[in-house]
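Student: I would like to learn how to read side-chain pairs in a protein model. Please take the features in turn, with the general idea before the case.

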Amino acid sequence: VQLQAFGGGLAQAGGSLRLSCAASGSIVSISGMGWYRQSPGKQRELVAAITSGGVTNYADSAKGRFTISRDNAKNTVYLQMNSLKPEDTGVYYCYAGSQTAWNTPYVAYWGQGTVVTVSS
C-alpha cells in the first residue's frame with residue numbers, strides 16, 4: 001500500500017491550502033484516514049481524522065478552520081485548510097488504516113509528508 005500526498009506549499013496567514021492523499025496498491029478495505037502534523041520542535045500530533053462512514057474528529061487547533069473529507073471510491077482523503085496561521089506550519093502526514101486481505105487486521109500506512117509553510 002502506498003500513500004501519495006499532494007498540496008503542500010507556502011501560504012500567507014489567512015490564506016488557504018488543500019491537501020490530498022491517495023492510497024493505492026493491494027487494498028481490500030480502508031477504515032480510518034487522517035492527517036498528522038509535525039511542527040518544528042514538537043511531537044507529531046493529530047490534526048483531523050475521518051472514519052469510513054464519514055465521522056470526523058479534529059484537533060482543537062483545527063476546529064472551525066479545517067475540513068477533512070474523503071472519497072471512498074478513490075481511496076483519497078482531503079484536508080481543506082482555511083484561515084491559516086503561522087503555527088499551522090509543519091510537515092503533514094496522511095495515513096490510512098488499510099486491509100490488504102480479507103480477515104486480516106487493518107494496518108496503518110503513512111504518506112511521505114507534505115510541507116506546509118504559513119508566513120505571517
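Aromatic pairs

Tutor: Rings of Phe, Tyr and Trp (its six-membered ring) pair if their centres lie within 6.5 Å; planes under 30 degrees apart count as stacked, over 60 as edge-to-face and the rest as tilted. By this rule the count comes to 3 aromatic pairs. The model is predicted: local features need pLDDT of at least 70, side-chain atom pairs count only at pLDDT 80 or more, and totals for chains, interfaces and linings use all residues. Residues are numbered from 1 along each chain as its sequence is written, and side-chain values use heavy atoms, with hydrogens and water left out.

Student: How is the pair of Tyr36 and Tyr95 classed, and why?

Tutor: A pair of aromatic rings is described by the distance of the centres and the angle of the planes. For Tyr36 and Tyr95 the centres are 5.7 Å apart and the planes are at 65°, so the pair is edge-to-face.

Student: Which strands hold Tyr36 and Tyr95?

Tutor: Strands (E, at least two residues) and helices (H or I, at least four) are DSSP runs, numbered from the N terminus. Tyr36 is in strand E4 (residues 29-38) and Tyr95 in strand E9 (residues 90-99), so this pair ties together parts that are 59 residues apart in sequence.

Student: Is Tyr95 buried or exposed?

Tutor: Buried means under 20% relative accessible area, exposed over 50%, and partly exposed in between (1.4 Å probe, protein chains only). Tyr95 has 15% relative accessibility and therefore counts as buried. Tyr36, at 25%, counts as partly exposed.

Student: Which ring pair does Tyr95 form with Trp110?

Tutor: Tyr95 and Trp110 form a tilted pair, with 5.5 Å centre to centre and 45° between the planes. Trp110 lies in strand E10 (residues 107-110) and Tyr95 in strand E9, so the pair joins parts 15 residues apart in sequence. Trp110 is partly exposed, with a relative accessible area of 38%. Ring pairs link Tyr36, Tyr95 and Trp110 into a cluster.

Student: Which charges lie over the faces of Tyr78 and Trp110?

Tutor: A charge sits over a ring if NZ of Lys or CZ of Arg is within 6 Å of the ring centre and within 35 degrees of the ring normal. Arg44 is placed in this way over Trp110, at 5.3 Å from the ring centre. Arg18 lies over the face of Tyr78, at 4.3 Å from the ring centre.

Student: What joins E4 to E9 and to E5?

Tutor: Two strands pair if DSSP finds at least two bridges between them. E4 and E9 run antiparallel and are joined by 8 bridges; in this pairing Tyr36 stands opposite Tyr93 in E9. E4 is also joined to strand E5 (residues 45-50), by 5 bridges, and these strands too run antiparallel. E4 and E5 form a hairpin with 6 residues between them, and Gly41 in the turn has a positive phi of about 80°. The bridge partner of Arg37 in E5 is Glu45.

Student: How many salt bridges are found, and which of them involve Arg37?

Tutor: A salt bridge is a side-chain nitrogen of Lys or Arg within 4 Å of a carboxyl oxygen of Asp or Glu. The whole structure has 4 salt bridges. Arg37 forms one with Glu45, where the closest N and O atoms are 2.9 Å apart. Glu45 is partly exposed, with a relative accessible area of 31%, whereas Arg37 is buried at 4%. Asp88 forms another with Arg37, with the closest N and O atoms 3.4 Å apart. Asp88 lies in the loop between strand E8 (76-81) and E9, and Arg37 in strand E4, so the pair ties together parts 51 residues apart in sequence.

Student: Where does Arg65 come in?

Tutor: Arg65 and Asp88 meet in a salt bridge at 2.8 Å, N to O. Arg65 is in the loop between strand E6 (56-58) and strand E7 (66-71), and Asp88 is 23 residues away in the loop between E8 and E9. Arg65 is buried, with a relative accessible area of 11%, and Asp88 is buried at 2%. Salt bridges that share partners join Arg37, Glu45, Arg65 and Asp88 into one network.
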